[in-house]
Amino acid sequence: MGEELSRRFMAVVKTELASSLSLLSDVPKLHDLAACWLRHSDAFSELQELFVPLQPASTLRACCMAEFRRQLLERPSLPSAAVSWVLQLADGTRCGEGCEPELPRRLVRLLGELDFYKSELEPGFLARTAEHYRHESQRLRQSHSLTSYLLRCEQILAKEQLLTSEGGFLEPQTLEPLLSVVRSELIGRHAAELLSRDFVELVGNHQTDDLTRLHRFYEQVDALPILSSAWGKAVMQLGSRILDSSDHHEESRSIIPDLIHLQIRLREVLDVAFHGSSSFAVALKDAFEGFLNAGSKNKTAKLLARHLDTLLKGDVARLSSTSSQPASSMPASAASLVFSTPPPESTDVLSSQTGEQLEANIRHAMEIFRHIAGKDVFEALFRQHLARRLLLQHSSSVDLELYTVQLLREECGGSYTHKMEGMFKDLDLSKTVMDAFVRSENSSGVLASRPSNFTASVLTAGLWPSQPVSAGTTWPTSPSRSMDAFQKFYVTQHSGRSLRWCLGWGQCILRACYEGAIRKELVVSQLQATVLLLFNEADVLSCEEIRSATQIPLHDLQRTLQSLSLHKTVKLLLKQSTGRMVAGTDTFEYNASFNNKLYRVFVSQISPKEQVEEESRVERKVAEDRQHEIDARIVRLMKAKRHLEHQQLLTAVFAALHFPVEGSDVERRIEALIEREFLERKVDDVMGSSSYTYLA
């Protein structure tokens, strides 16, 4: 009974559908098609309730819909017209044309229930969308910057989402494929091209909002490797601009602070815009190492050593400029033995805020240090500056000095900072030695009769940077007697040790009285003080007369006279001839009218040009040390392996060295070892390759 009723029911449905659809023309009014579908859909729903006892309603409705679909397929112009109209409506919506959404919703529902949505409407809609935004992206890229292009893309995506929202007419399941197509056409197809335009400026200007938007888009189209690569190149470009901005000594002072500022901003971009992505962090690290070690590999090491020297001097200039207490007279110095005045107590006292700021700046500098390859060059230069700061009392705080050395130790190990730590131990031991000297019989008569204070620092030659010795130099009588007394005391207390005086690290504070009863304290080097004290006996002296009286080497004397007579504001002597060069016949006159707004005047002891020369000497010394280390590594490897191919030896040496080296440098050292009969070369005539054998 139920099967017969169902058969007769479907026959009626077929007849009714055929009659209704036949009334529609080939190009129907879509309102009529929508009304026809709505009328029959409602009828099918009412019939469901009547036939539930005889047949499941879902099966009955499915049969009716299948029949509706079959008859529509016999009239292909009907669904095609609906699909075309919906697509045209979508195009009009993108162009800003408005419409009543009720009809398209009905048509989309009709196409969905009759299985035309997935098979015809959605593929056609996505294809039209791709074509539309392919042309739109080309137009936008020509007229928009990267920032405005990204904003426009964001607006487009928001607008496309409205098509599938409650106010739209497309099915919600179309949203993800739709957004994927739009992103692909706007971003994915042009991922590399977009980044070649304004990306470096976005990074350099710290535009985190735009970069966050950019990262989100590239993540959605699986183009993060392209963005990561462009990020690394942008960092390289920005860093190289700063590093190459100036080779002038004074102007280059801002390079390291600018690099630190850049690194801080880039890390903020990494954390905020790129969510701390590991691939972007690696690209940032590689980029910093790339530009910091490109070209002259020691440039960054030199600049960083100068920067830390400036930091660790702190506000000693402010402290010294406000000083009004009389100070001691002339000390002396040595390559293994250095004399200096005790540091003022105030130089080791900083406000907590200043100390915290300096510590933060030092930590930032250590971040740059972590990336440089020439760490051995930095160590030599830093130790040179450290020695000068400690011995000439230029350091703002010994605690900050020790803090910096501790950071270097944590980064590179104890062997890297062994000499620096030994320098501090030497100064501590020197205080003990000096206290013993003051209490000894050797000093009782000498110090009591001298109108000066005397302080000595005993240094271990292997720990401190080498300095020229002062053999033959004639010192003024007052400090000379103190020096002789101390040397006699020290040799008596420590048999088997020798003491040598050096020229560069002694510091003196001289009291001077100028015209108008103007009193000043002059902080000068030992050589400067030796020259100035001669003018207590004469107002005018020639260079040759000064050299004859002091026995200072001519080169050092010329530099000393230049520093005393050619300074822009502090001219303690007046050079009679013009020009910067000092000849033996040049005469110098005591500047009785000298004046300065400060009571204690620091006289420059090393000019920028001299500092560059000093850095060059250090670089040459490091280069020699590197050659010895390369030789030692090669011999050690060959002694262990006995025989190695050429490429195997190069690879092993590169892995063992802690500083950057070129293959040609290693090959030159191999040739030198062959000449010295440490190694023997064997050449394979067939393969044309070389191998080496260790000669015991």
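Reader: Which residues of helix α20 are buried?
Author: The buried ones in α20 are Tyr 416, Thr 417, Met 420, Gly 422, Met 423, Phe 424, Asp 426, Leu 427, Ser 430, Val 433, Met 434 and Phe 437. Buried means under 20% relative accessible area, exposed means over 50%, and partly exposed is in between, using a 1.4 Å probe and protein chains only.

Reader: What am I looking at, and how are residues numbered?
Author: This is a predicted model, in which local features need pLDDT of at least 70 and side-chain atom pairs count only at pLDDT 80 or more, while totals for chains, interfaces and linings use all residues. Residues are numbered from 1 along each chain as its sequence is written, and side-chain values use heavy atoms, with hydrogens and water left out.

Reader: Back to α20. How far apart are its ends?
Author: The end C-alpha atoms of α20, residues 414–439, are 37 Å apart. At 1.5 Å a residue, its 26 residues should span 38 Å, so the two values agree. The expected span is 1.5 Å times one less than the number of residues.

Reader: Where is the kink in it?
Author: The kink in α20 is centred on Met 420 and is about 30°. The bend at a residue is the angle between axes fitted to the seven residues ending there and the seven starting there.

Reader: How many helices and strands does the chain have?
Author: The protein chain has 28 helices and 11 strands. These are DSSP runs numbered from the N terminus: helices are H or I with at least four residues, strands are E with at least two.

Reader: And how much of the chain is buried?
Author: Of its 696 residues, 47% count as buried. The chain exposes about 34400 Å², and carbon and sulfur atoms supply 51% of that. The areas come from the Shrake-Rupley method with a 1.4 Å probe; for residues, only the protein chains shown count as cover.

Reader: Which residues touch the most others in the largest nonpolar core?
Author: Ile 187, Phe 199, Tyr 218, Trp 231, Phe 378 and Trp 464 do, out of 96 residues in that core. Helix α18, residues 375–391, gives the most to this core, with nine residues. A second, separate core has 40 residues, including Leu 532, Leu 557, Leu 561 and Phe 588. A nonpolar core is a set of buried Ala, Val, Leu, Ile, Met, Phe, Trp, Tyr and Cys residues joined through side-chain atoms within 4.5 Å.

Reader: What does Trp 464 touch?
Author: Not counting residues up to four places away in sequence, Trp 464 touches Arg 383, Ala 387, Leu 390, Leu 391, Met 423, Asp 426, Leu 427, Leu 459 and Trp 505. Contact means heavy atoms within 4.5 Å.

Reader: Is Gln 384 buried or exposed?
Author: Gln 384 counts as buried because its relative accessible area is 7%. This residue is found in helix α18. Apart from neighbours within four places in sequence, Gln 384 is in contact with Pro 465, Gln 467, Glu 614 and Val 618.

Reader: New topic. What is the phi of His 206?
Author: Phi of His 206 is positive, about 60°, although the residue is not a glycine. Most residues other than glycine have a negative phi. His 206 lies in the loop between α10 (199–204) and α11 (208–220), and its 17% relative accessible area makes it buried.

Reader: What about Gln 393?
Author: Its phi is near 55°, again positive in a residue other than glycine. Gln 393 is in the loop between α18 and α19 (398–412), and counts as buried at 11% relative accessibility.

Reader: How many disulfides are there?
Author: Zero, in a search of the whole structure. A disulfide is counted as a pair of cysteine sulfur atoms within 2.5 Å. As for two of the cysteines, Cys 153 is buried at 1% relative accessible area, whereas Cys 412 is partly exposed at 26%.

Reader: Last one. Where is Phe 291, and what does it touch?
Author: Phe 291 is in helix α14, residues 278–292, and is buried with a relative accessible area of 2%. Leaving aside neighbours within four places in sequence, Phe 291 is in contact with Val 235, Met 236, Gly 239, Ser 240, Leu 243 and Leu 259. Leu 259 is one of the buried residues of α13.
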